[in-house]
Amino acid sequence: MTNPIDDAAAEPGAVPADATAIDLHAPSDAGQWFGHPRQLARLFTTEMWERFGYYGMRALLTLYLAQHFLFSDTTTTGIYGGFTALVYLTPLIGGLLADRYLGSKRAVKFGAIIMSIGYLTLCFGGEAAKPFAMIDGQRYEVTVEGGRDDRKQFVMDGGQKLQIKGNEDKTVSLIAADGTEARKIAGGQFTADGTRSPFSVFLLLAGLALVTIGNGFFKPNISTMVGTLYKQGDPRRDAGFTIFYMGINLGSLLSQFLCPLLAVGMGSWQGIGWWAGFLLASAGMLFSWSLIQFDGGRLNGIGERPADAPGGKDMLIYAGALAAVPVVWLLFSNLMTYVRPEEGAGLIGYLTSLPIMGKLMFGTFSLAVPAILLWAWRNGTKAEFQMMVAAMVLITFNTVFWTLFEQAGSSLTLFAERNTDLSVFGLFSLSAAQTQIFNALFIVALAPVFSAMWLGLSKRGLEPTIPIKFGMALMGVGLGFLFLVFGAQFADDKFQVGLWWLAGLYLIHSMAELMISPVGLSMITKLSIARIVGLMMGVWFLSIAVAQYVAGVVAQFASVETVGGQVTNLKVSLDTYTGVFTTIGWISVGLGAVLLVLAIPLKKLMHGVK
């Protein structure tokens, strides 16, 4: 599994944050590991266990919010999108602090500890929220009975136990034991929620805030340490980053199977509890820290503090990072209170109603792009300005790609839980959280194939240009959604689609990812004016953070009314998801086609950059 932050490690063309130091280490004579510096083995396993923790937690997060805390789909996907957005944004600050003060190794150690504490904090979710419903202004307690495939929700009304059934016209029917409709409630007169512990919610947001801050210190700097293992121009460098990149996928592959297995079970086994899944993620993260902390001298001289760094700043930086936790907590808390504007509010109404995080994301990105282009027009040559224009166009289309691709952890996970038959050849059943494993599986299988394909095409002078790869990727992510929508017409009488239709979506998305993901960072370094390449890298990661946030917004359009964390009409759920997936699928295919048309003029603007 790759993502734009992981590509900082995986992309051979990326520029390490401490690029000035990479000539200081040439450990080719200090032992070998598969023909590479032996230190790569330690960094490989460190990254593998860090990704084990992160992706294990991420696999659980959406379902944890929806089923344990009984948040609405809108709140669940909003929190998820905001969390992943900050995960992609904080490395900008963590990388800067490591470059100037801490050094990569100290930053990685600190980040690993904070992330492990964050995962551990998520274990303390307390008792599950108690569902209730408000019907015509009166409160009714809700009971939930049955397993995943036969789960039903009931209210007690006048001594009768009535089943709750949502209707396609947004009304709600209360069904008596004999199957007759005892009561019909008009749309808007039935709302469901849960009684949850305020302290548990506080700990939830605190845990996410800790993970966010810790990730900012860990993620960019472990990649930098790998870069320092090779002299400038070392031909083993690309292969070394590829090996390191496989650690990312191996860690995610293991955790996305094991953490959900402990948390919610698999097949007939019900699992231990959410806390067990998060505890395993925390243990993986702690093991990652131990590999750096107790390296036995293997990493001496790698990722040390910069020689010109001022002393005495470490504790101040650590204290500042911890002081930022309440700030991030407040941002998450603000996301929870978000209320979508009424229809007809218009663009201005929508923008003014955005949570604080949304305003900051959109505002900063909207100002940064034209401001940088204006600077390039005034201070760069004609060719440099044109290359910057090409970079900004590709950044914008890349943002769209990741917005849609990152539905995996939110709307697609909820679709897997509600409208997917998770049986594997009738032998056993996956949990919904485990379906995210498909992407990692396909990336591991297909990455060598795509690498060989691009190399073969390059030798023949047929390798597609960067804009064409971006366009193909956009069309691919759209086709993945349309493939799943096509499969929805074969849903069974429970309105569930076969697992292999969802797996097919992930296969197509993984192929699309391999077209766009490995070229992004090197594209920025090649197209940017040298004087502001660092700033452009910042804009690149800002755009990815915006994409993560918007991914949460898109997932909110697929929101389904739930009672006790579950939908009450699976047909309504299936129709909602297929409607949204159809829309975003065709939009993505259309934008990909537009980019293919723009590929020719963009190639001219890029002035030979490949």
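Modeller: Start with helix 9, residues 314-336. At 1.5 Å a residue, its 23 residues should span 33 Å, and the end C-alpha atoms are 34 Å apart, which agrees. Keep in mind that this is a predicted model.

Which residues of helix 9 are buried? They are Asp314, Ile317, Tyr318, Ala321, Val325, Val328, Leu331, Phe332 and Leu335. An α-helix has 3.6 residues a turn, so residues three or four places apart point the same way. The cover over the buried residues of helix 9 includes helix 3 (73-89), helix 4 (91-102) and helix 5 (104-122). Helix 6 (198-227), helix 11 (356-379) and helix 18 (533-557) are also among the covering elements.

Leu335 leads on to the enclosed space. Buried in helix 9, Leu335 also lines the largest cavity. How much space does the largest cavity hold? About 70 Å³. Helix 18 gives the largest share of its lining, four residues. By class, the lining of this cavity has seven nonpolar residues, three polar and no charged. The model has four cavities of 30 Å³ or more. Rolling a probe the size of a water molecule over the atoms shows where empty space is left.

Now the open space. The largest pocket has a volume of about 1,600 Å³. Its lining runs to 43 residues, and Thr74, Arg340, Ser559, Val560 and Glu561 lie nearest the centre. Which elements supply at least two residues each to that lining? Among them are helix 3, strand 6 (160-166) and strand 9 (190-195). Strand 9 gives the most, with four residues. The pocket lining divides into 17 nonpolar, 17 polar and nine charged residues.

Take Asp73 first. Asp73 lies in helix 3. Its relative accessible area is 2%, so Asp73 is buried, the cut-off being under 20%. Away from its neighbours in sequence, up to four places, Asp73 touches Leu414, Arg418, Ala558, Ser559, Val560, Thr562 and Tyr577. Ser559 and Val560 are among the residues nearest the centre of the largest pocket. Phe110 is another matter. Asp73 and Phe110 are 37 residues apart in sequence, and their C-alpha atoms are 34 Å apart in space.

Ser573 comes next. It sits in helix 19. At 0% relative accessibility, Ser573 counts as buried. Leaving out residues up to four places away in sequence, Ser573 touches Arg418, Asn419, Val560 and Val567. Arg418 and Val560 are on the contact list of Asp73 too.

Is helix 16 largely enclosed or open? Of its 18 residues, 13 are buried, so helix 16 is largely enclosed by the rest of the structure.

Some loop residues deserve a look. Glu127 lies in the loop between helix 5 and strand 3 (130-135). Glu127 is exposed, at 67% relative accessible area. Its C-alpha is separated by 8.0 Å from that of Ser197, 70 residues apart along the chain.

Phe425 is not a glycine, yet has a positive phi of about 55°. Phe425 is in the loop between strand 11 (423-424) and strand 12 (428-429). With a relative accessible area of 66%, Phe425 is exposed. Phe495 also has a positive phi, about 60°, although it is not a glycine. The loop holding Phe495 runs between helix 15 (466-488) and strand 13 (497-498). Phe495 is partly exposed, at 30% relative accessible area.

How far can the model be read? The mean pLDDT of the protein is 87, and 94% of its residues reach 70 or more. Residues 9-29 stay under 50. The model has 46 contacts for that stretch beyond four places in sequence. Where pLDDT is low, the predicted coordinates should not be read in detail.

Technical notes. Residues are numbered from 1 along each chain as its sequence is written. This is a predicted model: local features need pLDDT of at least 70, side-chain atom pairs count only at pLDDT 80 or more; totals for chains, interfaces and linings use all residues. Side-chain values use heavy atoms; hydrogens and water are left out. The expected span of a helix is 1.5 Å times one less than its number of residues. Buried means under 20% relative accessible area, exposed over 50%, partly exposed in between (1.4 Å probe, protein chains only). Contact means heavy atoms within 4.5 Å. On a 1 Å grid over the protein atoms alone, a cavity is a set of points where a 1.4 Å probe fits but cannot get out, and a pocket is an open set with protein on both sides within 12 Å along at least five of seven lines; lining residues have an atom within 4 Å of a point. Grid points are joined across faces, edges and corners, and a volume is the space filled by probe spheres set on the points. Ala, Val, Leu, Ile, Met, Phe, Trp, Tyr, Cys and Pro count as nonpolar, Asp, Glu, Lys and Arg as charged, and the others, Gly among them, as polar. pLDDT is the predictor's confidence in each residue, from 0 to 100.
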